[in-house]
Amino acid sequence: LITVFIWVFFSRIPLRLAPEERRGLLLLIPLFVGQIYVLNLGTHLTLASRATIFTCSYPLFTALLAHFTLDGDRLSVSKGIGMALSFGGVLLVFAESLALHELSYLPGDLLSLGSGFLLGARHVYAKHLLKDIHPGKLLFWQATLGVPCFLLLSAAFEQQVHYVFTPEIGVAILYQGMVVAGFCFIVMTNLLRKYRASQLGTFGFATPVFGVLLSNILLAEPISAGLLASMLLVGAGIAIVNRES
């Protein structure tokens, strides 16, 4: 919220909401809060790698929902092929994890898949709102109205939680807030105003590939032939989806 406010302040973006803009936010806030809550709960109930693969299904939901709700964002045959290639590349990254036949992970898997659906729906609905509302105003009110909801949820479900703060945790929170929910949300929301939701969504398939690459750089984890193949599939899929531009 602080990061977005700094951007809004120096860009001189007006924050007063018109009546129709308030009505639009009534659906966006539940989508935002619900998606983050389901993401955290799903990750808690399954393996991190499994949560990643199911959450990263959101470009598929973005394309499908955009096809039925947004003008000029239809799902063509080439888009379908590109999405299938990219999603196949993501599946390849996590093939070993997905091969685990553990029914105990099923609730977390389903919740993570639900988070992917809600994220896709949020992107499509944000694209719809951005026709009439500035990205800065949208992000500012999404964060401003979302924070009290998270505080209420924490008060309801985390009364017995013991919080411990270390320098590492502080850096992680700053990264999540300033870079992920700040800088990245600003960039994505601005791009959604200019480009098709399905086009941008395809780049989400690259997320797990970057994750595995960073694990090699930062944690010295090995890069397999499967990862290299998955990178080719993801890149080919993104290129096919975006070649119309």
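Reader: Which residues of α4 are buried?

Author: The buried residues of α4 are Tyr 58, Pro 59, Thr 62, Ala 63 and Ala 66, where buried means under 20% relative accessible area, exposed over 50% and partly exposed in between, with a 1.4 Å probe and protein chains only. Seen down the axis of α4, these buried residues fall within an arc of 140°, so they line one face of the helix; the arc is that of the directions from the helix axis to the C-beta atoms.

Reader: Before we go on, what kind of model is this?

Author: This is a predicted model, in which local features need pLDDT of at least 70 and side-chain atom pairs count only at pLDDT 80 or more, while totals for chains, interfaces and linings use all residues. Residues are numbered from 1 along each chain as its sequence is written, and side-chain values use heavy atoms, with hydrogens and water left out.

Reader: And how far apart are the end C-alpha atoms of α4?

Author: They are 16 Å apart, which agrees with the 16 Å that the twelve residues of helix α4 (residues 58-69) should span at 1.5 Å a residue. The expected span is 1.5 Å times one less than the number of residues, and helices are DSSP runs (H or I, at least four residues; strands are E, at least two) numbered from the N terminus.

Reader: What about α8, what should its span be?

Author: Helix α8 (residues 135-157) has 23 residues and should span 33 Å, and its end C-alpha atoms are 32 Å apart, which agrees. Its buried residues include Pro 135, Leu 138, Phe 140 and Gly 146, and Lys 137 is also among them.

Reader: Which helices do the buried residues of α8 pack against?

Author: The buried residues of α8 pack against α1, α2 (19-45), α7 (106-129) and α9, with contact meaning heavy atoms within 4.5 Å.

Reader: At what angle do α1 and α9 pack?

Author: Helix α1 (residues 2-10) and helix α9 (residues 167-194) pack at about 45°, with their axes 8 Å apart; axes are lines fitted to C-alpha atoms, for helices over the stretch in contact, and angles run from 0 to 180 degrees between N-to-C directions. The two helices are therefore oblique to each other, given that angles under 35 degrees count as roughly parallel, over 145 as roughly antiparallel, 65 to 115 as roughly perpendicular and the rest as oblique.

Reader: Which residues of α1 meet α9?

Author: Thr 3, Val 4 and Trp 7 do, and among their partners in α9 are Met 178, Phe 183, Ile 186 and Asn 190.

Reader: Next, His 123: buried or exposed?

Author: His 123, which is found in helix α7, counts as buried at 11% relative accessibility. Leaving aside neighbours within four places in sequence, His 123 is in contact with Tyr 58, Thr 62, Met 188 and Leu 192. Tyr 58 and Thr 62 are also among the buried residues of α4.

Reader: What does Ser 198 touch?

Author: With the neighbours within four places in sequence left aside, Ser 198 is in contact with Thr 62, Ala 63, Asp 73, Lys 79, Met 83 and Val 241. Ser 198 lies in helix α10 (residues 197-201) and is buried, with a relative accessible area of 2%.

Reader: Where is Arg 12, and what is its phi?

Author: Arg 12 is found in the loop between α1 and α2, and it has a positive phi of about 55° although it is not a glycine. At 76% relative accessibility, Arg 12 counts as exposed.
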